[in-house]
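The following exercises concern a single protein chain.

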Amino acid sequence: MAEIAAKPGRLDRERVLAWLQEYGVYAAVLALLVFNILFTPNFLDVGNFRTQLVQVTPIVIVSLGMALVIGTEGIDLSVGSVMALAAAVVVLYLGYGALPAIAMALLAGAVVGAVGGSLVAYVGVQPIVATLALLVGIRGLANVLVPQLREFRNPDLIALGGESIAGVPIIVIVAAVLTLAIAFVVRRTTFGRHVVAIGGNRAASELSGLPVKRTLLIVYVISGVLAAIAGVLATARLQASDPTSLGLYMELSAITAVVVGGTPLTGGRIRVLGTVMGALLMQLLSATLIKHNLPQSWTQMVQAAIILAAVYATRERGTR
């Protein structure tokens, strides 16, 4: 009798965890929006919405690449340093024009991603070790290339960071296009299915003849390029290159957005829209606490609690 009575409770608990993993981030964003509409002065101002969207854009773009990497059961700790390297490279080549400078910055991100991906896929280094080494080394390289904050006046690059199309900031449009592109890749392409399959069971993927090493390499290259794009956009918005501070702790923000958005750290599943909502949740949470004069330490503690809850929900479902 006791066993029979325990089954409904177990089922309800699993249903709650499943619902939280699927829709928890959307409910949290909605709850924060309602709270701010009711209790935060001037929250519905157009300027406030624009500010929130612009500030969250780099996190969204970096998180898209991180979601792919985590989908393979990996991790990329180098993304913040890649942003700094892109900021350094773009100003070094700005004398040749904005487009060549941006191309060189993206190439730098791709090279870093290729190095990390090669270490993981072909050398067999653990992702956290390979990308941790890159985190330290690439940040140092960026500081060597541009030792201190350097301002620029290139109108094309400044327009990329400050202009709008039909009232929507260009950098927000770029983030939206990249989100749609990554969602298409994950859901509609063979490459996306390979990424999910490798994260679900790498050994079985190898036995099935999937190009595991090549797929891992490409995933890290994509992550590096997306981080470089975020670095270029952040530099354009600031109208200055600051490799010392740009992208600091970005890897933690990106991992948080991915995990809170429903992508498990154990791989095998990628939630692109959930990742975007996870980034929005972190931005709204931080803005809400600031607007109500709560210290930054509260933001960090609440974020930590949300991460633990998200990891718990995904872990419980994964061990059913």
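**Exercise 1.** Determine whether Asn42 is buried or exposed in this predicted model.

*Solution.* Step 1: the relative accessible area of Asn42 is 55%. Step 2: a residue counts as exposed over 50%. Asn42 is therefore exposed. Step 3: Asn42 is located in the loop between α1 and α2 (46-71). Step 4: although Asn42 is not a glycine, its phi is positive, at about 65 degrees.

**Exercise 2.** Identify the residues that make the nonpolar surface patch, and the helix that gives the largest share.

*Solution.* Step 1: the patch covers about 780 Å² and consists of Leu30, Val34, Phe35, Ile37, Leu38, Phe39, Leu44 and Phe49. Step 2: helix α1 (residues 2-39) supplies the largest share, with 6 residues. Step 3: Phe39 is situated in helix α1.

**Exercise 3.** Describe residues 102-121 and residues 166-186, both of which the unreviewed UniProt entry lists under "transmembrane region".

*Solution.* Step 1: residues 102-121 are 100% helix and 0% strand, and their end C-alpha atoms lie 28 Å apart. Step 2: residues 166-186 are 81% helix and 10% strand, with end C-alpha atoms 29 Å apart.

**Exercise 4.** State the average pLDDT of the chain and where pLDDT stays under 50.

*Solution.* Step 1: the average is 89, and 94% of the residues score at least 70. Step 2: pLDDT stays under 50 over residues 1-6, which have 0 contacts beyond four places in sequence.

Terms used: Residues numbered from 1 in each chain as written. Predicted model: local features only at pLDDT ≥ 70, side-chain atom pairs only at ≥ 80, totals over all residues. Heavy atoms only, no water. pLDDT = per-residue confidence, 0-100. Contact = heavy atoms within 4.5 Å. Patch = residues over 30% accessible without salt bridge, like charges linked within 9 Å, V, L, I, M, F, W, Y side chains within 5 Å. Areas by Shrake-Rupley, 256 points an atom, 1.4 Å probe, with all protein chains shown as cover. Salt bridge = Lys/Arg side-chain N within 4 Å of Asp/Glu carboxyl O. Helix = DSSP H or I, 4+ residues; strand = E, 2+ residues; numbered from the N terminus. UniProt positions renumbered as here; feature names shortened; annotations may be inferred. Buried < 20%, exposed > 50% of the residue type's maximum accessible area, 1.4 Å probe, protein only.
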